[in-house]
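Open the model in your viewer and get ready to click along. We will go stop by stop, with something to select each time.

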Amino acid sequence: MSRVIVATGKLAKRPYRMAKIERNIYSIEELSYSLVQSAQFLDTGIMDPELVRWIDTELGLPKLADKLKGYLGKERALSEFVSCILDYCGYVTENRKLQTRQIVASGQGMEPYERRCRHAAATASAGHSYAAIAEYEEILKDLPEPERELRADIEKNLGLIYADLFRFRQAADHFKESFSISGQAKTYLNYLAAVRMSLSDEEYLSFITEHPESYNASLELEKRIRQANTLYDTSEEKEKIMRLRRYESEGQETNYEILLHQTMQKMKDDYRLSKAPQI
């Protein structure tokens, strides 16, 4: 005879969306399972009044809902909130409940990954772009699959690094992956900018034609490009470049070499300053 599982409450007609892991939940057992599986990266966002209402009305568990209401708005009640659900349901073993409570209470489930990300970011800021790329890629391999927020951030950061290296096709791939997870408009604009930089004008126009959903974002991108060009046209950098071209065309080799050296030195100094640790 197969093992019989007795469900608590009823199946919901309207699921609860557990945003942290992008999963629709239909029962208290499924909620318990999801809490255990995602314990590493649970935060106070799970203490959602809508979840409590859903447990009450959709699952028909008003007693559990009443208990959970007492934890809402309390900053240090996350582990108790989760434990209350697991205890009431009785779906997981005592050992798994204890492990889950310890992970949630420590608040350190994601800390190792976040610490590694901070190190990778510092590596990139120090100018070691390829080392930072390798670090981020290793973190992505190790990151728990349901974790979406940190994964989106890593993909975005990889896109920024590749863009700094003028490897725009790779940058576009990472921005696109980040956008597919986060849905952030800014990330999509980064993706579109990387696509634009990796294609000729004709190819980019064809891309926009083939992707009509990109039209509004492309208008915003062109607006920002025009603004950047306007700033450049009035900048000291453009004035120096024009002088360099004039010195070169007129055969003023000494002036050309002096200005070129000064320009290169300023670029080096600015770069070192941008990579210096912030105190």
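What percentage of the 279 residues of the protein chain count as buried? The share is 35%, where buried means under 20% relative accessible area, exposed means over 50%, and partly exposed lies in between (1.4 Å probe, protein chains only).

Before we move on, a word on what you are viewing. This is a predicted model, in which local features need pLDDT of at least 70 and side-chain atom pairs count only at pLDDT 80 or more, while totals for chains, interfaces and linings use all residues. Residues are numbered from 1 along each chain as its sequence is written, and side-chain values use heavy atoms, with hydrogens and water left out.

**Stop 1: the whole chain**

Switch to a cartoon view. The protein chain has 14 helices and two strands; helices (H or I, at least four residues) and strands (E, at least two) are DSSP runs, numbered from the N terminus. Now think about contacts, meaning heavy atoms within 4.5 Å. Among those between residues at least 6 apart in sequence, 50% join residues at least 24 apart.

**Stop 2: Ser-27, on the way into H1**

Select Ser-27, in the loop between strand E2 (23-25) and helix H1 (28-37). Is Ser-27 buried or exposed? Ser-27 has a relative accessible area of 10%, so it counts as buried. Show its side chain: a polar atom there lies 3.1 Å from the backbone nitrogen of Glu-30. That is a polar contact, a pair of N or O atoms within 3.5 Å; within protein, one must be able to donate a hydrogen and the other to accept it, and residues adjacent in sequence count only if both atoms are side-chain atoms. Leaving aside residues up to four places away in sequence, Ser-27 touches Leu-11, Trp-54 and Leu-59.

**Stop 3: helix H1 and Ser-32**

Next, colour H1. Seven of its ten residues are buried, so the helix is mostly covered. Those buried residues are Ile-28, Glu-29, Leu-31, Ser-32, Ser-34, Leu-35 and Val-36. They pack against several elements, including strand E1 (16-18), helix H4 (78-89) and helix H5 (94-106).

Zoom in on Ser-32, which has 1% relative accessibility and therefore counts as buried. Which residues does Ser-32 touch, not counting residues up to four places away in sequence? They are Ile-85, Leu-86, Cys-89 and Tyr-91.

**Stop 4: helix H2**

Select residues 49-57, which make up helix H2. At the start of H2, a side-chain oxygen of Asp-48 reaches to within 3.0 Å of the backbone nitrogen of Glu-50. Now highlight Leu-51, Val-52, Trp-54 and Ile-55, which are buried in H2. Look down the helix axis: the buried residues fall within an arc of 160°, so they line one face of the helix. This arc is that of the directions from the helix axis to the C-beta atoms. Among the elements that cover the buried residues of H2 are E1, E2 and H1.

Pick out Leu-51, which is buried at 0% relative accessibility. Beyond residues up to four places away in sequence, Leu-51 touches Tyr-16, Leu-31, Ile-46 and Phe-81.

**Stop 5**

Jump to His-174 in helix H9. His-174 is buried, with a relative accessible area of 16%. Its contacts, not counting residues up to four places away in sequence, are Glu-155, Leu-158, Gly-159 and Tyr-162.

Then go to Phe-166, in the loop between helix H8 (149-164) and helix H9 (168-182). Phe-166 counts as exposed, at 65% relative accessibility. Most residues other than glycine have a negative phi. Phe-166 is not a glycine, yet it has a positive phi of about 65°.

**Stop 5: the largest pocket**

H10 gives the most to the lining, with seven residues.
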